There are 2 protein chains.
Amino acid sequence: MNVMNASPRRKELTRLAAQLFVQEGFDRTTVRMLAQEMGIKSGSLFHHFKDKQEILAAVIEEGTQNALSIAKAALQECDNDPEARLHAMARAHLETLFADRNAHVVALFEWRRLDPDASAHLSHLRDAYEALWVEVIDDALAAELIHGDRFLVSRFILGALNWTVRWYDPSGPRTPDDLADELVAMIMAR
Amino acid sequence: MNVMNASPRRKELTRLAAQLFVQEGFDRTTVRMLAQEMGIKSGSLFHHFKDKQEILAAVIEEGTQNALSIAKAALQECDNDPEARLHAMARAHLETLFADRNAHVVALFEWRRLDPDASAHLSHLRDAYEALWVEVIDDALAAELIHGDRFLVSRFILGALNWTVRWYDPSGPRTPDDLADELVAMIMAR
DNA sequence: CATTTACACTAGCGCTTGCTTGGTTACTTA
DNA sequence: TAAGTAACCAAGCAAGCGCTAGTGTAAATG
């Protein structure tokens, strides 16, 4: 077994696992199903991962790392204009949410299945991501682009964005950018 | 076993099941855990419910029925003022969400575990509830209280509201009504 | 008084689960 | 060419799973 390694093989297995976890849910996904999807026998799975828990942690870590770096890049690309930053953040959120949909759905809906150790470790990653949001929202409030309680506003925005995975159809006419723009327009003071 | 009965005993068992489903998730909740929580042996459980699936369906049906009747009552109590109706609907949503939190969390996050028959039956209930929302939002759009695409706006609002179950702490200083008012204030054109 | 009904029990069947063990194969490196 | 290593497999164990069969008992019903 490998400790925290990121071999190409393991990355590919993680990607497949994410897909199954979304399709079936973590608990209903058996190690035999995972193995079959990966084209190996169930016993061989435990050469790559210590146990089933570690597969879940790998999926979530991968997705959250991606989201974090994409959001950081998006923020750096735009000037210090609070409105541009708000737009950029919403777009980056939805972009990564649907580019890496499986991993994020797992992160959003199977987080509770993590054991305490993995959860503690990954919480730091998630907190770092949310800190970016808080900063952007604080700036938008200071510039009076939006109004209200900073805590509530950020929760509402993240809720509206995260919930999109439950209804958004990427094959439809709307792009993720359309969604982001519409949401920002909806909450902006005019 | 009882077909679609709603004896007080069954209602109480359903309430306990909802609590366990929230704590552990549907898949991880075993019939033995359910039985113990109910103070009976696991075999006796199947006198009240045909199978584990039916317990899940009972939990979700109970919660959705409640939400529907509360929302209807709230809408009837206010005049035809679109703004009052928007407020009332948001308040009713959060009120029922936290009065009957366990059932609603199960409905929101364990829906996929329903078998196709139960899902089809309960979808009608949920659709009836969402139809109330669509109507209220259409009126608000017509009155120019809010702006945007009717479909997207309703999804964003419901997303923001439903996501509250992931962070709202009822023992904190804010009431569900506070949340509803803040959300409506956030999205209203000024 | 006889019968039915509601509710609970004991015992366990048949199956699936996550995971382990002991060993094989193919490729890389010294 | 010998040693090491990553990747895999066949076989199966112990535990836990949903659910069933058959029985007991007290209260309601005819």
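This is a predicted model: local features need pLDDT of at least 70, side-chain atom pairs count only at pLDDT 80 or more; totals for chains, interfaces and linings use all residues.

Analyst: Residues are numbered from 1 along each chain as its sequence is written, chains are lettered from A and ligands numbered from 1 in the order in which they are written, and side-chain values use heavy atoms, with hydrogens and water left out.

User: How many helices and strands are there in chain A?

Analyst: Helices (H or I, at least four residues) and strands (E, at least two) are DSSP runs, numbered from the N terminus. The C-alpha trace of chain A spans about 60 × 35 × 25 Å along its principal axes. From the N terminus on, its elements run α-α-α-α-α-α-α-α-α. The count is nine helices and zero strands.

User: What area do chain B and chain A bury between them?

Analyst: Contact means heavy atoms within 4.5 Å, and here it takes 36 residues from chain B and 36 residues from chain A. Buried area is the accessible area (1.4 Å probe) that two parts lose on being put together, summed over both. Of this area, 60% is on carbon and sulfur atoms, and the total is about 3400 Å².

User: Which residues in chain B lose the most area to chain A?

Analyst: Together they account for 23% of what the chain B side buries. They are B:Phe156, B:Trp163 and B:Met186.

User: Why does the pair of A:Asp27 and B:Arg28 join two chains?

Analyst: Their salt bridge has its closest N and O atoms 2.6 Å apart. The pair joins two chains because A:Asp27 lies in the loop between helix H1 (8–24) and helix H2 (31–38) of chain A, and B:Arg28 in the loop between H1 and helix H2 (31–38) of chain B.

User: How much space lies in the largest cavity?

Analyst: On a 1 Å grid over the protein atoms alone, a cavity is a set of points where a 1.4 Å probe fits but cannot get out, and lining residues have an atom within 4 Å of a point. Grid points are joined across faces, edges and corners, and a volume is the space filled by probe spheres set on the points. The count comes to one cavity of 30 Å³ or more. The largest holds about 30 Å³.

User: Which helices each supply at least two residues of its lining?

Analyst: The lining includes A:Phe156, A:Leu183, B:Phe156 and B:Ile187. The helices are H8 (150–163) and H9 (176–187) of chain A, together with H8 and H9 of chain B.

Terms used. On a 1 Å grid over the protein atoms alone, a cavity is a set of points where a 1.4 Å probe fits but cannot get out, and a pocket is an open set with protein on both sides within 12 Å along at least five of seven lines; lining residues have an atom within 4 Å of a point. A salt bridge is a side-chain nitrogen of Lys or Arg within 4 Å of a carboxyl oxygen of Asp or Glu.
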